Amino acid sequence: MAVYFYGCITLDGYLAAKGHGLDWLYDTGSPEETSYDEFYSHMDVTLMGRRTFQEIEKTGDPASVYPTTENYVFTHRELSCPGFTAVNGDPVEFVKGLGQDRSIWVVGGNTILAPLLDQDMVDHLIIQVAPVLLGEGIPLFTQKEAMRRFRLETVRQYGQFAELVYGRR
């Protein structure tokens, strides 16, 4: 099993604006300008929080966004969307239950990423940095205080995005 975080943040480390908006991201570039397609082709499972799923719903056809993966949404609410399964509980235990030989992508949600980092279960961080300063918002990293070391594997530029690829040491 390999657990990945793949996503974009602002220069000051935010995943989303204060109200969870992503306009700053959409106004910066498009997925075609990144390594997204190649990355996604290697994934088996996506994990996301409810707010991330709500952004995907705005596309009008959420099932077409992640058509080849098993897609799980951590939420306490009912979910009736083809291609997505609602789950409620501890992300760590859920990931452990997915079994071996799976590539798992934490799409969004620091409430999912933080406990996985706390348990040293994140193998790869692929972070694109957009040339935007928000000043406040939803931070990417909110794990407990504990040092975790990663090694820098590659740095790439895609349009306005800098992509940093880290692996667990």
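Modeller: All nine of the nine residues of strand 1 (residues 2-10) are buried, so the strand is largely enclosed by the rest of the structure. Buried means under 20% relative accessible area, with exposed over 50% and partly exposed in between (1.4 Å probe, protein chains only). Strands (E, at least two residues) and helices (H or I, at least four) are DSSP runs, numbered from the N terminus. The model is predicted: local features need pLDDT of at least 70 and side-chain atom pairs count only at pLDDT 80 or more, while totals for chains, interfaces and linings use all residues. Residues are numbered from 1 along each chain as its sequence is written, and side-chain values use heavy atoms, leaving out hydrogens and water.

In a regular strand the side chains alternate between the two faces of the sheet. In strand 1, Ala2, Tyr4, Tyr6, Cys8 and Thr10 point one way, Val3, Phe5, Gly7 and Ile9 point the other way, and all are buried.

Strand 1 has pairing to describe; two strands pair if DSSP finds at least two bridges between them. Strand 1 runs parallel to strand 6 (residues 103-108), joined by four bridges, and phenylalanine 5 has valine 106 as its bridge partner there. Seven bridges link strand 1 to strand 7 (residues 124-130), also in parallel, with cysteine 8 opposite glutamine 128.

A pocket is an open set of points on a 1 Å grid over the protein atoms alone, where a 1.4 Å probe fits, with protein on both sides within 12 Å along at least five of seven lines; lining residues have an atom within 4 Å of a point. The largest pocket has a volume of about 1,300 Å³, a volume being the space filled by probe spheres set on the points, which are joined across faces, edges and corners. It is lined by 43 residues, and Leu22, Thr52, Tyr66, Val107 and Gly108 are the closest to its centre. Strand 1, strand 6 and helix 6 are among the elements that give two or more residues to this lining, while helix 3 has the largest share, five residues.

Helix 6 (residues 110-118) contains asparagine 110. Seven of the nine residues of helix 6 are buried, so this helix too is largely enclosed by the rest of the structure. Asparagine 110 counts as buried because its relative accessibility is 12%. Leaving aside residues up to four places away in sequence, asparagine 110 touches Leu15, Pro115, Ile138, Pro139, Leu140 and Thr142, contact meaning heavy atoms within 4.5 Å.
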